Amino acid sequence: MAESRLRTTGQLLTGTGATTVYTCPANFEAEVKLLYANNLHSGAVDLTIKAVLSSTDIPIVTTCSMAADEILDVLNSGPIAMQAADTIVVTAGTASKLNIVVTVSESFVG
């Protein structure tokens, strides 16, 4: 039987450069079940999110202006399937103002 595990990670984006917030580990496949962004700032902050699947950039959110204190449920239309080394990359328009939370179900594939 394949090993599977549920993991949640959170990260404050401390810079304005592209930040990898999740990487699917070697020998695993993953299903991103939840991806939230929270603007902790008193003003609007731009957000960009992409998945890098098999070395191909797939835009998920393209320069969304998040209002102060807004919480965005990025995956409200469904999960993202990932393979080993695939990543979720987030860029914030203002440093230290966006918090990202990712929950994934990872399955060992050998």
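Mentor: Leaving out residues up to four places away in sequence, Glu-106 touches Glu-3, Ser-4, Arg-5, Arg-7, Tyr-22, Pro-25, Phe-28, Glu-29 and Ala-30. Here contact means heavy atoms within 4.5 Å. A word on the ground rules: this is a predicted model, where local features need pLDDT of at least 70 and side-chain atom pairs count only at pLDDT 80 or more, while totals for chains, interfaces and linings use all residues. Residues are numbered from 1 along each chain as its sequence is written, and side-chain values use heavy atoms, with hydrogens and water left out.

Trainee: Why does Glu-106 count as buried?
Mentor: Buried means under 20% relative accessible area, exposed over 50% and partly exposed in between, using a 1.4 Å probe and protein chains only. Glu-106 has 0% relative accessibility, so it counts as buried.

Trainee: What makes a polar contact between the side chains of Glu-106 and Tyr-22?
Mentor: The rule asks for a pair of N or O atoms within 3.5 Å; within protein, one must be able to donate a hydrogen and the other to accept it, and residues adjacent in sequence count only if both atoms are side-chain atoms. The side chains of Glu-106 and Tyr-22 make such a contact at 2.5 Å, and the side chain of Glu-106 makes another with that of Arg-7 at 2.9 Å.

Trainee: Which kind of aromatic pair do Phe-28 and Phe-108 form?
Mentor: Rings of Phe, Tyr and Trp (its six-membered ring) pair if their centres lie within 6.5 Å; planes under 30 degrees apart are stacked, over 60 edge-to-face and the rest tilted. By this rule there is 1 aromatic pair. Phe-28 and Phe-108 have 5.5 Å from centre to centre and 75 degrees between the planes, making the pair edge-to-face.

Trainee: Are Phe-28 and Phe-108 buried or partly exposed?
Mentor: Phe-28 has 8% relative accessibility and therefore counts as buried. Phe-108, at 36%, counts as partly exposed.

Trainee: What lies over the face of Phe-28?
Mentor: Arg-5 does, at 4.2 Å from the ring centre. The test wants NZ of Lys or CZ of Arg within 6 Å of the ring centre and within 35 degrees of the ring normal.

Trainee: And why is Ser-55 called exposed?
Mentor: Ser-55 reaches 73% relative accessibility, so it counts as exposed. Ser-55 is also 42 residues from Leu-13 in sequence and 23 Å from it in space, C-alpha to C-alpha.
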